[in-house]
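Reader: Hi, I have a structure open and I'm new to this. Can you walk me through some of it?

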Amino acid sequence: MAPTRIVLCLLGLGVAGIAAAQDDEAIAAGEQVYNTWCVHCHDDDRPWSGGGTMALQAKYQGELPADLRERTDLSPELVTTYLREGLYRMPPFRLTEISEDDMRALNAYLTRNNPE
Amino acid sequence: MAIPPGVSESDFNQALQEFENIVGPEWVFTSPEAVALYRDTYSPFYDDEGERLTSAAVAPDTTEQVQAIMRVCNRYRIPIYPISTGKNLGYGSAAPAYSGSMVLDLKRMDRILEVDTRNHTVLVEPGVTFFQIIQHFRDNNLELDLDIPDPAWGSLIGHALDRGVAHTYTDFGRDRFSTGCGMEVVLANGDLVRTGTGALESSTMWQHYRYGVGPYVDGIFSQSNFGVVTKMGFWIRPRHRGFRTCYVHVPNYEDLEALIDVECELSNSGINNGMTFFGSDVMSPFAQDPEIRAQLPASGPLDLAAIDRLRRERDTGFWWAKLDFNAPLKVSAAQWEHCRDVYSAAIPGCWFEEEVALEFPLSEEEKSRLNTPGNPEMVHLGMPSLSRFRGGNRNPRNPDPDWGHLWFAPLIPKRAQDIFRAQEVFDRAYRERGIDAGVTYFARIPMFWHARVGVFLASLSVGRDREANRKAREDFLYLVQVAADEGWQEYRTPSFFQTEVMDMTAGFNDHALMRFFETLKDSVDPNGILSAGRYGIWPAHLREEKAPWHRRG
């Protein structure tokens, strides 16, 4: 392999590595947002939970995971819409609570398991 | 972009520019998408005429920024409405009382400023939540606790200022405002005051002695009519050491009187120091026994003889009191023994049951049992959660959940005859209005968050059907008037009905109290920029239009 191509390949690997690291960072930040704002209702449905997981269990009847963290089909648009508009007893979250950066991180976290 | 009422577009644009200079452009919200986040999704006016909407919002990070914002509001006569965390769901949420006001969003001011671990006080900013402060105690291994409400994502300061209530020890925040000690307040004109001993610049006891010298004024800053509270101190408590729950059962319908009277003696003497619940063994809305359920119509009088016969057959009581003790177990064992002695002497045939006795810290196994039948709720132990939402969310018994609720919450004297009267009055009112009361109104007992009165709490469902919401609004105002006619006032009320409620329930001497508030308003906030309409206190230029007691002349 010509030296130029080797350099380009290494550069490419480097860019991919940086992107992966950035993804990991966003996912970790998103998990933190989830644990601050979401987990009190959207948890593994302990008896003291606010019942978001319970509600989704009643809605999906097992067709989809009731725990949002296990979903593989959530889109950033859907998550953003629900969080910004509210749904049933869940009120909307303001930008002073979940900022645009937080929302991006949360979406990275909730879509991390989606198929490529 | 919406413009606040009474403000010219050019003035508003100029003000927005000045707000941006104060807090930074990213913390001034004017886009329809950002402003819509301040809508009250629990409102019965949602998407209907009369919905209280926000024109824009500004989110400061410091007291100095709040002062500067107040000065700009005065310069351009911009109505502004402060919120702490905006989680006052069912009472108005983050939306203003006067539609078109800007919102002053204090969520960014979320610093825990001081914690006295030796003498048990804290000083916090408005954005600090119950989740946050308990986490702060645990993360820093501080042996401290705080009486908390559920949901716990609300603000300590907001909870206090709106007279919120909680669930554990009487003296540590069940009536939050009563535990406040020292405020920093930005007045409507931008001036800064500290109340209590905080008025002495070198004070080292701001959070330890609430009165200072001179008149005690903290009360007028509740509900944010005259100033924006930017810091507030609270008395908290050392860490919980033990918790015990015990039941007193009594056999007869008429025993409720002695059951409550004895509890008053025990509670007011500090022996029973937790929050007491009263209920019925046979009239519970959760009664599963089909024969008993058949005796519990949604409304109308009960066949007490038939219920008593069923009670005897099942060898159960008629009423119960659930006494909670927040104390080390050795102490609460003696407290409970004394309670048993007093009840045994007062009520022939009563009997006792001990449900749970816990020592802190709880084991993982004990934690796993919380919020399950026969075990305490986390909130009763001062552990934060959002478990109250569970009741309203979708579940197999509630496949079509609503979107919110409207709290009808009249205060009722803590006395059996008043409770029976309230059951009768509200049963009749519900029938007249065609409101579904559930199993039976006669199972309802007030909540005794406060030391000497009960709150006859009932929620009216809010959804996305405008006609149903309109009926809920009319039902609410009807019920408030029914209660007022009996001498019962709301303990707090949603922002969108505060004027009507003050009109119906604060009319003594030609609304003299409201006139006094208005005198204060004109003096402290002459331009009428702050919290217009909050609890019916309107600035002078809007009174004729908005306050019914002025229209009536």
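Predicted model: local features only at pLDDT ≥ 70, side-chain atom pairs only at ≥ 80, totals over all residues.

Reader: What is the strand order in the open sheet of chain B?
Author: The order is β13-β14-β12-β15 (chain B), and the pairing is antiparallel. Strands here are DSSP runs of E with at least two residues, helices are runs of H or I with at least four, and both are numbered from the N terminus. Two strands pair if DSSP finds at least two bridges between them.

Reader: Which strands are at the edges?
Author: β13 (277–280) and β15 (351–359) of chain B. Each pairs on one side only. Neighbouring strands of the sheet are turned by 20° against each other on average, direction ignored. Axes are lines fitted to C-alpha atoms, for helices over the stretch in contact, and angles run from 0 to 180 degrees between N-to-C directions.

Reader: How many bridges join β13(B) to β14(B)?
Author: Four. β14(B) covers residues 319–326. Phe277(B) has Lys322(B) as its bridge partner there.

Reader: Which helices pack on the sheet?
Author: One is α7(B), residues 256–268, which touches β12 (242–250), β13 and β14 of chain B. Another is α10(B), residues 329–346, which touches β12, β14 and β15 of chain B. The direction of α7(B) makes about 15° with that of β14(B). For α10(B), the angle with β12(B) is about 15°. Contact means that C-beta atoms, placed from the backbone, lie within 7 Å.

Reader: Which residues of α10(B) are buried?
Author: Ser332(B), Gln335(B), Trp336(B), Cys339(B) and Tyr343(B) are buried. They cover an arc of only 100° around the axis, so they sit on the same side of α10(B). That arc is taken from the directions from the helix axis to the C-beta atoms. Buried means 20 or more other C-beta atoms within 10 Å of a residue's own, exposed means 12 or fewer, and partly exposed is in between; C-beta atoms are placed from the backbone.

Reader: What do the buried residues pack against?
Author: β12, α7 and β14 of chain B. The face turned away from the buried side carries the exposed residues Lys330(B), Glu337(B), Asp341(B) and Ala345(B).

Reader: New topic. How many residues of chain B are in contact with chain A?
Author: 32 residues of chain B contact 22 residues of chain A. The chain B side has 15 nonpolar, eleven polar and six charged residues. Ala, Val, Leu, Ile, Met, Phe, Trp, Tyr, Cys and Pro count as nonpolar, Asp, Glu, Lys and Arg as charged, and the others, Gly among them, as polar.

Reader: Now the backbone. Where is a peptide bond cis?
Author: One is from Asp150(B) to Pro151(B), with omega near 10°. Another joins Phe360(B) and Pro361(B), with omega about -5°. Pro361(B) lies in the loop between β15 and α11 (364–369) of chain B.

Reader: And which residue has a positive phi of about 50°?
Author: Tyr535(B), although it is not a glycine. Tyr535(B) is in the loop between α15 and α16 (540–546) of chain B.

Reader: Is Tyr535(B) buried or exposed?
Author: Tyr535(B) counts as buried because it has 21 C-beta neighbours inside 10 Å.

Methods:
Residues numbered from 1 in each chain as written. Chains lettered and ligands numbered in written order. Contact = placed C-beta atoms within 7 Å.
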